[in-house]
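Subject: Structure for you to look at

Hello,

Here is the structure I said I would pass on. Please open it alongside this email and follow along.

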Amino acid sequence: MKHAYLLLSLLLISGIASAQNKTATIDSMLNRTKRLGLFKGNVLVVDNNKIVYKGALGFTDASQTTKLTTAYRFHIGSIAKEFNAVAIMMLKEQGKLSVNDKVSKYLTNLPAWANTIAIKNLLQYTSGLPDLKWKTVKNDADIWADMQKIEKLDFEPGTKYAYNNSNTFLQRRIIEKITGLTFNEFVTQKMLKPCGMSNSVIDPDDNAPLMAKSYNNNLQQSSLVYPITGWTAVTLDDFYKWEKALESFNLINPASTKEILTPFAPNKQCGLGGGSIEGNKIIIHEHDGTSLNYQALLTANTTLGRTVILMTNNKQNNLYDIDRAIQAILDNKPYQQPKKSVLAAFGKQLDSLKGRQIISFYNDLKTKYAADYGFENEASLNEIGYSFKNSNRIDDAIIVFEYNTTLFPTSGNVFDSLGEAYYAKGDKEKALLNYKRSLQLDPTNTTAKAVITELEKK
């Protein structure tokens with residue numbers, strides 16, 4: 001019996017030591033990331049349903065005089081759209097709407113297109129509504145006026161996907177019409193309070209206390225006032241409470257949750273971002289959001305009792321890199337230290353180059369700055385390739401993506417990117433070849449499967 005107690009004690013001590021080691025490793029990784037100028041914000045890491053790491057790194061605003069604490073609130077960008085998606089499903093469960101109802105049933109004085117868009121289309125971003133000119137509107141009234149001026153949709157509802165806030169705006173107005181409450185009142189009374197989210201605020205202004213203000217690398221601070229209302233800002237603790245409320249189905253049932261967790265098509269967004277649910281259990285939940293210079297990411301794996309929350313007020317477009325490092329540390333695996341983006345630092349120089357000059361310049365940088373930039377990661381060249389593709393420099397994008405396949409020949413993702421570039425060029429034969437190679441390397445690539453099926457029909 002003494003031996004059994006001794007063994008149990010040793011196991012407990014080992015477990016504690018392991019947890020402490022993970023905490024120290026995460027802290028070290030995050031602080032190095034901060035020193036590189038790649039992360040300023042708040043972090044919560046939960047593993048086996050226990051907090052492994054909780055911390056604040058950086059400053060509250062562009063003046064960089066006051067340090068962040070974990071009590072500060074952040075805007076979370078598109079993740080805040082979860083509140084309107086859940087609200088819609090709450091009303092559905094109460095029998096006050098059907099997701100198949102048309103917009104015109106609740107919102108009058110809109111053009112004829114409102115008779116063709118279902119609430120489900122708004123939730124899945126398949127409405128066909130064009131994106132509004134957000135830089136010219138100042139408030140909800142302006143947005144409503146612009147909505148009334150829309151003459152036609154970009155496509156037939158339910159046939160394509162186009163992510164924009166026109167869908168979000170109409171969801172919130174429908175909630176108000178049905179409940180008789182403002183959207184902010186509904187969220188506060190029916191969601192924040194029941195979830196115990198007492199430190200969250202909706203539409204904070206520039207004078208709001210304990211509100212992290214977003215700013216860019218030139219220390220230019222952005223205003224907190226947005227043209228569209230209804231954005232919930234949260235603390236780490238409240239964000240985690242919201243995630244647990246979703247996982248425990250405190251607000252909506254599993255069927256409703258599945259409906260807004262399942263996207264229109266693979267790798268697209270839906271009401272809750274994305275993830276998977278099996279029976280009465282959410283298995284995976286992942287959602288990212290960006291607004292001005294705020295960025296946020298939540299990843300949850302309920303099988304592991306794991307949730308990672310990252311919120312920054314100094315956007316660097318690298319939260320997935322940081323999350324991957326944290327996940328590796330939690331899994332006792334080697335991790336890649338997040339590093340600086342080659343595109344962010346040398347974008348102007350890259351734009352001035354063509355063809356093989358790009359590869360030569362990249363390799364020269366790799367020789368000089370290997371320790372500071374993410375050359376060991378396929379994402380570095382992929383980011384450059386997509387920059388060229390998005391600028392319609394398809395041939396240069398292909399050169400970059402092809403070189404990436406020689407550096408990372410076992411990555412399905414790089415072949416997927418190359419296939420996408422050839423598809424954009426109109427070279428269906430090479431597109432098909434690379435998509436097939438991508439699928440061989442990554443059988444879970446559902447996008448590649450769909451494109452292969454499409455190409456083989458032609």
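Leaving aside its neighbours within four places in sequence, which residues is Asn 404 in contact with? This is a predicted model, and in it the contacts of Asn 404 are Glu 378, Leu 381, Asn 382 and Val 414. Asn 404 sits in helix H13, which covers residues 394-407. Its relative accessibility is 0%, so Asn 404 counts as buried.

Now the chain as a whole. The protein chain has 16 helices and nine strands. Its radius of gyration is 24 Å, close to the 23 Å that the globule rule gives for 458 residues, so the chain is as compact as a globular protein of that length. Along the principal axes, the C-alpha trace spans about 70 × 60 × 50 Å.

Of the 458 residues, 51% count as buried. The accessible surface of the chain is about 21,600 Å², and carbon and sulfur atoms account for 51% of that surface. If you take the contacts with a separation of 6 or more, 64% of them are between residues 24 or more positions apart. As for charge, there are 54 positive and 45 negative side chains, and the centres of these two sets lie 2 Å apart.

Leu 36 is found between helix H1 (2-35) and strand E1 (41-47). Is Leu 36 buried or exposed? Its relative accessible area is 15%, and buried means under 20%, so Leu 36 is buried. Apart from neighbours within four places in sequence, Leu 36 is in contact with Pro 338, Lys 339, Lys 340 and Asp 372. Tyr 163 is 127 residues from Leu 36 along the chain, and the C-alpha atoms of the two are separated by 32 Å.

Then a helix. H9 runs over residues 319-330, which makes 12 residues. From its first C-alpha to its last it reaches 16 Å, close to the 16 Å expected at 1.5 Å a residue. H9 is mostly covered, with nine of its 12 residues buried. Among the buried residues of H9 are Leu 319, Ile 322, Asp 323 and Ala 325. The run from Ile 326 through Gln 327, Ala 328 and Ile 329 to Leu 330 is buried as well.

Last, some backbone angles. Most residues other than glycine have a negative phi. Which residue just after H9 takes a positive phi? That is Asn 332, with a phi of about 60°.

Asp 203 is not a glycine either, yet it has a positive phi of about 50°. Asp 203 lies in the loop between strand E4 (201-202) and strand E5 (232-234). With a relative accessibility of 28%, Asp 203 counts as partly exposed.

Asn 392 also has a positive phi, near 65°, and is a residue other than glycine. You will find Asn 392 in the loop between helix H12 (378-390) and H13. What is the relative accessible area of Asn 392? The value is 63%, and exposed means over 50%, so Asn 392 is exposed.

Regards

Definitions and conventions: Residues are numbered from 1 along each chain as its sequence is written. This is a predicted model: local features need pLDDT of at least 70, side-chain atom pairs count only at pLDDT 80 or more; totals for chains, interfaces and linings use all residues. Side-chain values use heavy atoms; hydrogens and water are left out. Helices (H or I, at least four residues) and strands (E, at least two) are DSSP runs, numbered from the N terminus. The radius of gyration is taken over C-alpha atoms; the globule rule is 2.2 Å times the number of residues to the power 0.38. Buried means under 20% relative accessible area, exposed over 50%, partly exposed in between (1.4 Å probe, protein chains only). Contact means heavy atoms within 4.5 Å. Accessible areas come from the Shrake-Rupley method with a 1.4 Å probe; for residues, only the protein chains shown count as cover. Lys and Arg count as positive and Asp and Glu as negative; His and the chain ends are not counted. The place of a charge is taken as NZ of Lys, CZ of Arg, CG of Asp or CD of Glu. The expected span of a helix is 1.5 Å times one less than its number of residues.
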